[in-house]
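User: I would like to learn how to read domain contacts, a chain interface and helix packing. Please take me through them one at a time.

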Amino acid sequence: MGAMKKGVSLTIDAVCKSYGDVQVLKRIALDIEGGKALTLLGPSGCGKSTLLRIIAGFVRADAGDVRLDGQSILPVPPNRRETAMVFQSYTLFPHMSVIDNVTFGLKMRQVGRSQALQRAAEALEMVKLSHLADRYPSQLSGGQMQRVALARALVTEPRILLLDEPFGALDKNLREEMQVELRKLQTSLGVTSVCVTHDQQEAMVISDYIAVMNDGQVAQFGTPLDIYDTPQSEFVARFMGGSNIVRADVIKTQESRCALQVGDGRAFQAYAGASAMVSERKAVALAIKPRALQIMDMPPEGAHVNGCMTVSGVVSNQVLLGDSIAYEISLPDGNSLLAEVARDRGTGIHPVGKSVWLYAPGEACVVLEDGINA
Amino acid sequence: MHDTLAISRRNALWGLVPALIVLLLFFSAFGIFFLSSLQASGEAGGLTMAHYARYLGSPSERDVLWRTLWISTELTLGSLIIGYPMAYVIVRSASSGWRRFLMLSLVVTFLSGTVTRAYAWLIILGNSGLINTFLRKTGFTDAPVHLIYNETGVFISLLHFVLPFFVLTMMAPLKNISRSLEDAAVNLGASRWRSFFLVTLPLSVPGIVAASSLTFAVALSSFLFPLVLGGGRVRMAANAIYELIFTRFDLPLASAGATVFLVLSLFFVWVFGMLQRAVQLGPSVRQQ
């Protein structure tokens, strides 16, 4: 691929967009360094695709700015922006062979035919499709089309690579394979990229940063692990999946520290981000991963449960997952919690109807900024 | 088991009878025409090719055939030049106002009666009609510009008549070309124009062939507009055949002319069909 220019930094500065009365983007601001992969993650209608199309130049922003390496690209027409987009529908030109598709962007840039062919060959090599250069798109499988689309985008050495639900149309195994491959390519080429997806798993695999979007706003921005481990809001906790949302009472406040209690359990200290403002509230919502919960037959006593969230409940359902068992535990207040417990051959299975105690380390219980207000 | 199948098959064949009767009724008209074109005149009877020889030997009849083909070709090209952009705008325009205006003007044209329209064109194009009045008032001309009772008037009114056939046929193929293909081309560095010429236009060629073939067929069979706006001076094939029957009472010659014209029309339908298959099978299968 030759020496690719070092990735450019991307700044999205207070971008707004409305369609009629509907505000699709509300002062979006994001900033990522060159060569990093950003994923805009959110449910459909959250504005993520609109933002991507604003970067590509297909949609005009009402206000705000988009800068590459500090230079605004909004005045630049879309065909001069040197962004390269991979569309969900691949959008390969059906009347052109694979090699003509891949050289299209180079032809538009007045690259000579022989040089264009050589660069296209390299790009196809990169996506492992050299042997299909003379085929037509209708003769390719979905995964192959996706690779061609990727090669067609990368061969132009774009300043920024844009991906719009790139793997949405692929089946699960192929999708996972392509995600890993894309991630490898992206890091080895060092091209700054922005990907739009609604699949949180995909976002985890392919990103350096994730911006979770909801209703035209960035609900949370951070590294994939940040967002997975410490969601700030109920929306993010639910969207990232696999979290229990539990109500906890604030029982004692002391400066910035405070004690929480879930149901009839013991007092404990939970993980609270700077903006969670626990001390001003009477009750908070906690996000707890099912795998962080442990189940005990007896009331949790002793040193090993110090600082742990504890609560009693009754097993209401169990699902065997092979390596682990997922229990649904009904709490006295009527809510239920999901606990996923690793299984050894020796351990028994808690039967439905059994009274048990749940506990989780305090730092695994994340105080959310919103949720329960009391 | 076997019997019931046979019976149901026989019943299914009976179901074809109504359709066959209707088709035969239509086809019998052609059959009678064709027969009379072969009948020798006089008491002797028998079959003869003399009428065909008379028809094809007549320079004026041959001229009418060529005129008809030529005008139809012009009309098809005119429809392509005006109709393609129209269809494109209707399909792609972001403004629903534009879209509705164009669609409405097309559909109103399409549904209003041909006789009404022919006379409307007489009024618009006539020597003291709308256009000539305008030209005189603005001082462009002193003498009226002759727009009717010649090929110009026939062409204008016929173009107005065949245009909706072209546009309405062209819309579906254009709609089937995904807009994101054009976006992709632009994203890869093509200007809007280049993306149109390199992507949209080539992909719409099968649609162009289909729409042109329909337009050409409709144009070939024009009768009323040449009759009204040609004023007897511009004759297309259908008018000439009509004249042979009703003013010269030469039914065999008219029949011979009609048969020749039918064969010619079918030939062009076949040519367009071949063309369509060629462009549709086109590049994507070339490999296999």
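User: How many residues of domain 1 of chain A are in contact with domain 2 of chain A, and how many residues of domain 2 do they meet?

Analyst: Keep in mind that this is a predicted model. In chain A, domain 1 covers 10–230 and domain 2 covers 235–367. The contact involves 15 residues of domain 1 of chain A and seven residues of domain 2 of chain A. Taken over C-alpha atoms, the centres of these two domains are 39 Å apart.

User: What area is buried between domain 1 and domain 2 of chain A, and which three residues of domain 1 supply more of it than any other three?

Analyst: The general idea first. An interface is often sized by the accessible area lost when the parts come together. Between domain 1 of chain A and domain 2 of chain A, the buried area is about 980 Å², and carbon and sulfur atoms give 79% of that. On the domain 1 side, A:Gln200, A:Tyr228 and A:Thr230 supply 42% of the area buried against domain 2 of chain A, more than any other three residues.

User: How is chain B divided, and what area do its domains bury between them?

Analyst: The domain assignment of chain B gives domain 1 as 1–38 and domain 2 as 52–285. Their centres, over C-alpha atoms, are separated by 35 Å. Six residues of domain 1 of chain B touch ten residues of domain 2 of chain B. The area buried between the two is about 570 Å², with 74% of it on carbon and sulfur atoms. B:Phe33, B:Ser36 and B:Ser37 supply 73% of what domain 1 of chain B buries against domain 2 of chain B, more than any other three residues.

User: On to helices. At what angle do α4(B) and α8(B) pack, and how far apart are their axes?

Analyst: Two packed helices are described by the angle between their axes and the distance between the axes. Helix α4 of chain B (residues 59–92) packs against helix α8 of chain B (residues 151–175) at about 45°, with the axes 6 Å apart. The pair α4(B) and α8(B) is therefore oblique. The contact residues of α4(B) with α8(B) comprise 20 nonpolar, three polar and five charged. The crossing of α4(B) past α8(B) is right-handed.

User: At what angle do the axes of α4(B) and α5(B) cross, and which residues meet?

Analyst: Helix α5 of chain B spans residues 96–111, and its axis comes within 8 Å of that of α4(B), crossing at roughly 130°. That angle makes α4(B) oblique to α5(B). The crossing of α4(B) past α5(B) is left-handed. From α4(B), B:Met86, B:Val89 and B:Ile90 meet B:Arg99, B:Leu102, B:Met103 and B:Leu106 of α5(B). By class, this contact of α4(B) with α5(B) has six nonpolar residues, no polar and one charged.

User: How do α9(B) and α10(B) pack, and is the crossing left-handed or right-handed?

Analyst: Helix α9 of chain B (residues 179–187) and helix α10 of chain B (residues 192–203) pack at about 140°, with their axes 9 Å apart. They are therefore oblique to each other. α9(B) passes α10(B) in a right-handed crossing. Residues that meet include B:Leu181 and B:Val186 in α9(B), and B:Val199 and B:Leu203 in α10(B). The contact of α9(B) with α10(B) holds five nonpolar, two polar and four charged residues.

Terms used
Residues are numbered from 1 along each chain as its sequence is written. Chains are lettered from A and ligands numbered from 1 in the order in which they are written. This is a predicted model: local features need pLDDT of at least 70, side-chain atom pairs count only at pLDDT 80 or more; totals for chains, interfaces and linings use all residues. Side-chain values use heavy atoms; hydrogens and water are left out. Axes are lines fitted to C-alpha atoms, for helices over the stretch in contact, and angles run from 0 to 180 degrees between N-to-C directions. Helices (H or I, at least four residues) and strands (E, at least two) are DSSP runs, numbered from the N terminus. Angles under 35 degrees count as roughly parallel, over 145 as roughly antiparallel, 65 to 115 as roughly perpendicular and the rest as oblique. A crossing is left-handed if the near helix is turned anticlockwise from the far one by less than a right angle, and right-handed if clockwise. Ala, Val, Leu, Ile, Met, Phe, Trp, Tyr, Cys and Pro count as nonpolar, Asp, Glu, Lys and Arg as charged, and the others, Gly among them, as polar. Domain bounds come from an automatic or database domain assignment. Contact means heavy atoms within 4.5 Å. Buried area is the accessible area (1.4 Å probe) that two parts lose on being put together, summed over both.
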